[in-house]
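Here are my notes on the model you sent over. Have it open on screen while you go through the points.

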Amino acid sequence: MGRRNVKIIADTNLLVRAAMRDDPEQTALAETALRNADSIAVTLPTLCEFVWVLTRGYRKTPGQAATAVRRLLSSATVAADGPAADAGLAILEAGGDFADGVIAFEGRRLGGEVFVTFDRKAASLVDAAGTRARLLSRT
């Protein structure tokens, strides 16, 4: 009997288990699921959650989280929005939040021109990365 064509959509917890290897049983299950998949769809929300869990939950550095994302995206079986992920990685590696880079990128793709936020750091980093940003304040 031939191999079934298995195309999975990866949830964040699947990717975290495979990356962190902190639960032997779940790690084995995650790795088997990923290894047996012909293709693995990794959505932008999943990537945002993945980075958040690694940096906040597991206290990984932005560099370690960026390495984990790049390792994931370099797999021949992974399908993801590379340009949006690259935008997120640029902000993450500049000291900001991965999600802010993805949000700015997706917003431009949808026709937006200015990233508007209350987050001073996000505004600065998004602006430096090439998307106009406006910081809202009470003054």
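1. Burial first: 35% of the 139 residues in the protein chain are buried, meaning under 20% relative accessible area, with exposed being over 50% and partly exposed in between (1.4 Å probe, protein chains only). Keep in mind that this is a predicted model, where local features need pLDDT of at least 70, side-chain atom pairs count only at pLDDT 80 or more, and totals for chains, interfaces and linings use all residues. Residues are numbered from 1 along each chain as its sequence is written, and side-chain values use heavy atoms, leaving out hydrogens and water.

2. The protein chain has seven helices and five strands, taken as DSSP runs numbered from the N terminus (helices H or I, at least four residues; strands E, at least two). Starting at the N terminus, the order is β-α-α-β-α-α-β-α-α-β-α-β. The C-alpha atoms fill a box of roughly 65 × 30 × 20 Å along the principal axes.

3. On contacts (heavy atoms within 4.5 Å): among those between residues at least 6 apart in sequence, 51% join residues at least 24 apart.

4. Now helix 4, residues 62-73. Its 12 residues reach 16 Å from first C-alpha to last, close to the 16 Å expected at 1.5 Å a residue; the expected span is 1.5 Å times one less than the number of residues. Which of its residues are buried? They are Ala65, Ala66, Ala68, Val69 and Leu72. Viewed down the axis of helix 4, they fall within an arc of 160 degrees, so they line one face of the helix; the arc is that of the directions from the helix axis to the C-beta atoms. These buried residues pack against helix 1 (12-20), helix 3 (44-57), strand 3 (78-79) and helix 5 (82-93).

5. Take a look at the helix 3 and helix 4 pair. They pack at about 145 degrees, with axes 9 Å apart; axes are lines fitted to C-alpha atoms, for helices over the stretch in contact, and angles run from 0 to 180 degrees between N-to-C directions. Helix 3 brings Leu47, Phe50, Val51, Leu54 and Thr55 to the contact, and helix 4 brings Ala65, Ala68, Val69, Leu72 and Leu73.

6. Leaving aside residues up to four places away in sequence, Thr12 touches Thr46, Glu49, Phe50 and Val53.

7. Last, helix 5: Ala84, Ala85, Ala87, Gly88, Leu89, Ile91 and Leu92 are buried there. The buried residues of helix 5 pack against helix 3, helix 4, helix 6 (98-109) and helix 7 (120-128).
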